[in-house]
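User: Hi! I'm new to this one, could you walk me through it?
Analyst: Happy to, let's have a look together.
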Protein chains: 2
Amino acid sequence: MDHSPFRVSARPGDHIADLSTPRPIIDEGRLAANIARAQAYFDEHGIAFRPHIKTHKIPALAQAQVEAGARGINCQKITEAEVFADAGFEDILITFNILGHEKIERLQALNQRIAELKVTADSAETVSGLAACFSAERPLRVMVECDTGAGRCGVQTPDAAAELAGLIAAQPGLRFAGLMTYPRPAAHEAVQAFFTKALARLKEAGLECPAVSSGGTPSLFEAHLAPVVTEHRAGTYIYNDRSMIRAGHCGQGDCAMHILATIVSRPTSDRAVIDAGSKALTSDLLGFSDHGMVVGYPEAVIAALSEEHGVIDLSACGAERPKIGQKVLIIPNHTCVVSNLFDEMVFHRDGVVTRVEPVAARGLVW
Amino acid sequence: MDHSPFRVSARPGDHIADLSTPRPIIDEGRLAANIARAQAYFDEHGIAFRPHIKTHKIPALAQAQVEAGARGINCQKITEAEVFADAGFEDILITFNILGHEKIERLQALNQRIAELKVTADSAETVSGLAACFSAERPLRVMVECDTGAGRCGVQTPDAAAELAGLIAAQPGLRFAGLMTYPRPAAHEAVQAFFTKALARLKEAGLECPAVSSGGTPSLFEAHLAPVVTEHRAGTYIYNDRSMIRAGHCGQGDCAMHILATIVSRPTSDRAVIDAGSKALTSDLLGFSDHGMVVGYPEAVIAALSEEHGVIDLSACGAERPKIGQKVLIIPNHTCVVSNLFDEMVFHRDGVVTRVEPVAARGLVW
């Protein structure tokens, strides 16, 4: 038995019921179905699909996504992109305003070694910082990030998008690579309207727009409702989670990630305590009032988390209640942040471990 | 320059203003003052102090706590205890119900190699699981966890505490090691009342109680208000955070941990976006409605986090607002969960890096 505290003591062939808890586990069948279903949708609608690796941070899964038909991958920071470049990925979009000497130095190195690197920018400051460090010999591709209503980053108007695109195109070391947005869910009309106007402005300015990229899992299967979009980015769809069930994207049977936890205390008839707290489930609520779904106990409420304990309110449950020592499966509110807490991920098929993958891009500094 | 994405590119002598962001940084002066202030309080009141290492997960910091006068350390899982045993710590309390074959096997190995290992139990199931695997030759010390009102784990009444203590004492392989609680803040009267009754029951049963252990940082400096308590456990006090300011435990000037972040976007005059999201700050709200305090901008509200972005609402701020590329310091809502996200921690004195410590017990599986 491997006693290293950093390693999962799980081997192919083990039963997940025998694994030490808490840990996330991934159902191979659901994983494969999620990859296939999304790619089939994008293929049907002729939309390029660029999976976001933030959800899994595992090169082998990105490889499966690309083999299914995805065109390139999406990362959120340079260090993630470095890990995936090391794993052989050649088409990477980093959807972030890259600022500062150290990050731009790393970006230069990365741009030298993969075929197709793109970043986003939403300000003249970001563009000028990049422009100062790239040259026509090996230019960097830059997309303009547009705020189509989500209220995060992005230029605020189609005019501003075209203006920033012009600034990018005027830099010898940069290439204008298209428009990008991270929209609110179900915001197709806003996305379509913003991008249509921005494309008209670009045309007036004589600028070619190589791509129009939108994103998000909640409305993934409605991407075609904004026909101006040529590319879609999404991460969560590969595992799915409770927030995606609520969004109508999937059902409980499409959730590939569960947190395996043990009931460690039953202090009262209405209270159970599990060994999964905020250091396993995270405290991402995403609008929910509790911390996940307990499979098989639909009335159970994960009412509170401390760091290594989760307190489950069983008061609405019937007579059949989990016992001390019993293992339960939890569908987390949000998968992407769970992946970020674990160095290794255990995969299984019908409860039998198939493989253990390092979460290669977990916990990276910038 | 070290390009490894897992390493902090920081060296002693660097200025924190030059560090790549986002990352937590620790102020050496405040750290030392927090350690000294708490220990002086416990020394004054003759209460044994057992720091909880969950907050920092760094053996060098536990060493400083013990050198200041702490008696042993508190861990929350076996794997953490293994890391600290490897670092030479000989007196470790794991405040958890340990269940299951793999964990108990590890616990046996740990009990063989350190002088003083204790765990907690709140049920006959936990006790019988432990009893089956330990023998009189090398017994395991077990404390009874009591629920004095926090509503997490613990037996519900003083009678139940004495009963479980009796069960522990009757096992050849176990030793009853005392009573333990993780109380609500400011619950001294409830703690005093519960433990006083439990001690009376233990006395009636002829059971000696070697220790009465309470815990928590929010009411740390009121530990003496429950004079029945012989030992206090606390973790957060070493770094402090926004929740401890609110609890009245400390002031802003006592917060040793800041998250260094960069303003990466200013989409509107009222909105700034930083490169610290839920994968740097975590989404622990702890009752707050936003995600941390921005030092120097008291009216700024970190209104929303996505994984790698934080959205700051500046609408209540005056004319002086942070600019793109500017670095800011954030006091997080909760330090302990931030530590768990980073492989290395940067320390500084007056803004100059003093050392970089591995967060040795971060992200351990059980």
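User: How many residue pairs are in polar contact between domain 1 of chain A and domain 2 of chain A?
Analyst: There are 2, both at pLDDT 80 or more. A polar contact is a pair of N or O atoms within 3.5 Å; within protein, one must be able to donate a hydrogen and the other to accept it, and residues adjacent in sequence count only if both atoms are side-chain atoms. This is a predicted model, where local features need pLDDT of at least 70, side-chain atom pairs count only at pLDDT 80 or more, and totals for chains, interfaces and linings use all residues. Residues are numbered from 1 along each chain as its sequence is written, chains are lettered from A and ligands numbered from 1 in the order written, and side-chain values use heavy atoms, without hydrogens and water.
User: Where do those domains run in chain A?
Analyst: Domain 1 covers 16–26 + 249–358, and domain 2 covers 47–238; the bounds come from an automatic or database domain assignment.
User: And what area do they bury between them?
Analyst: About 930 Å², with 63% of it on carbon and sulfur atoms. Buried area is the accessible area (1.4 Å probe) that two parts lose on being put together, summed over both. In domain 1 of chain A, His249(A), Cys336(A) and Ser339(A) lose the most, together 52% of what that side buries.
User: Switching topic, what rotation puts chain B on chain A?
Analyst: A rotation of 180° with 0.0 Å of shift along its axis, at RMSD 0.0 Å, superposing by least squares on C-alpha atoms of residues with pLDDT of at least 70 in both. That is the relation of a two-fold axis. In chain B, the C-alpha of Ser283(B) is nearest the axis, 2.8 Å from it.
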